[in-house]
Amino acid sequence: MDCVFCNIIKDNKVIIAENELAVAFYDNFPVSKGHTLIIPRRHVETYFDLNEEEMKAIFNLSQEVKKILAKLYKPDGYNVGFNVGVDGGQTVMHCHMHVIPRYHGDALNPRGGIRKVVKNEKKY
Ligand code: AMP
Ligand code: ZN
């Protein structure tokens with residue numbers, strides 16, 4: 001099986017942080033400065049396929065990644081999350097957490113963040 005993220009783990013060249021069960025690297029089509037992905041070392045398709053140890057490893061690593069991003073880029077906020085399934089927006093079928101730094105003024109109206117991935121006419 002040829003998986004682009006499994007290959008990143010094998011190459012071990014672009015990893016910015018890691019632990020026993022998870023690795024982090026920059027997204028190569030970043031939606032903002034510092035956009036980072038955190039993946040389990042084991043190939044599983046989605047967030048819901050992770051075991052408890054892998055979940056812990058990914059969430060622990062996200063705290064480390066946040067420290068790195070805060071130091072390097074000083075973002076004003078973050079979006080953190082998983083796309084699950086093609087209809088959930090997932091394009092690479094190796095589970096990954098997006099850590100997306102956000103910057104004041106990078107969106108006309110940031111209110112709602114990831115809640116706005118589905119267009120909703122109602123104001124909240
Ligand atoms: P998703 O749409 O949630 O599956 O996100 C996949 C992400 O992987 C996208 O943000 C892509 O820019 C990113 N991506 C795809 N290939 C690579 C790669 N070789 N190295 C780093 N990021 C990648
Ligand atoms: Zn994989």
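Colleague: Is isoleucine 68 buried, partly exposed or exposed?

Modeller: Please note first that this is a predicted model. Isoleucine 68 sits in helix α2. Buried requires under 20% relative accessible area and exposed requires over 50%. The relative accessible area of isoleucine 68 is 27%, so this residue is partly exposed.

Colleague: Which residues does isoleucine 68 touch, not counting those up to four places away in sequence?

Modeller: Isoleucine 68 and isoleucine 16 are 52 residues apart in sequence, while their C-alpha atoms are 8.9 Å apart in space. With residues up to four places away in sequence set aside, isoleucine 68 touches Ile16 and Ala17.

Colleague: What is the arrangement of the four donor atoms around the zinc ion (ligand 2)?

Modeller: The protein donors are Cys3 (SG), Cys6 (SG), His43 (ND1) and His94 (ND1), at 2.0 to 2.3 Å from the zinc ion (ligand 2). For four tetrahedral donors the ideal angle at a metal is 109.5 degrees. Four donors count as tetrahedral if all angles lie between 85 and 135 degrees. The angles around the zinc ion (ligand 2) are 105 to 116 degrees, and therefore the arrangement is tetrahedral.

Colleague: How are the donor residues of the zinc ion (ligand 2) spaced in sequence, and how many residues apart are cysteine 6 and histidine 43?

Modeller: The spacing of the donor residues is C-x2-C-x36-H-x50-H. Cysteine 6 belongs to helix α1 (residues 4-11), and histidine 43 to the loop between β3 (36-40) and α2 (52-73); this pair links distant parts of the chain, 37 residues apart.

Colleague: Which residues come nearest to ligand 1?

Modeller: Several polar atoms lie beside this ligand. A polar side-chain atom of asparagine 28 is 3.1 Å from a nitrogen atom of ligand 1, and a polar side-chain atom of asparagine 83 is 2.8 Å from an oxygen atom of ligand 1. Of the 16 residues around ligand 1, those that come nearest are Asp27, Asn83, Thr91, His96 and His98.

Colleague: How much of ligand 1 does the protein bury?

Modeller: The backbone also takes part, with a polar atom of valine 92 at 3.0 Å from an oxygen atom of ligand 1. Taken alone, ligand 1 exposes 500 Å², and the part of this that the protein buries is 83%.

Colleague: Which side chain is joined to that of histidine 98 by a polar contact of 2.9 Å?

Modeller: Histidine 98 lies in strand β5 (residues 97-102). This residue counts as buried because its relative accessibility is 14%. Beyond its neighbours within four places in sequence, histidine 98 is in contact with residues including Asp27, Thr36 and Asn83. The polar contact of 2.9 Å joins the side chain of histidine 98 to that of histidine 35.

Colleague: Near what value is phi of lysine 74?

Modeller: Most residues other than glycine have a negative phi. Asparagine 12, in the loop between α1 and β1 (15-18), has a positive phi near 60 degrees. Lysine 74 is in the loop between α2 and β4 (77-81), and is exposed, with a relative accessible area of 59%. Phi of lysine 74 is also positive, near 50 degrees.

Notes
Residues are numbered from 1 along each chain as its sequence is written. Chains are lettered from A and ligands numbered from 1 in the order in which they are written. This is a predicted model: local features need pLDDT of at least 70, side-chain atom pairs count only at pLDDT 80 or more; totals for chains, interfaces and linings use all residues. Side-chain values use heavy atoms; hydrogens and water are left out. Helices (H or I, at least four residues) and strands (E, at least two) are DSSP runs, numbered from the N terminus. Buried means under 20% relative accessible area, exposed over 50%, partly exposed in between (1.4 Å probe, protein chains only). A polar contact is a pair of N or O atoms within 3.5 Å; within protein, one must be able to donate a hydrogen and the other to accept it, and residues adjacent in sequence count only if both atoms are side-chain atoms. Contact means heavy atoms within 4.5 Å. Donors are N, O and S atoms within 2.8 Å of the metal (3.2 Å for Na, K and Ca); water is not among the atoms, so sites may look incomplete. Four donors count as tetrahedral if all angles lie between 85 and 135 degrees; four count as square planar and six as octahedral if opposite donors are over 155 degrees apart and all others between 65 and 115; anything else is irregular. A residue is near a molecule or strand if one of its heavy atoms lies within 4 Å of it. Accessible areas come from the Shrake-Rupley method with a 1.4 Å probe; for residues, only the protein chains shown count as cover.
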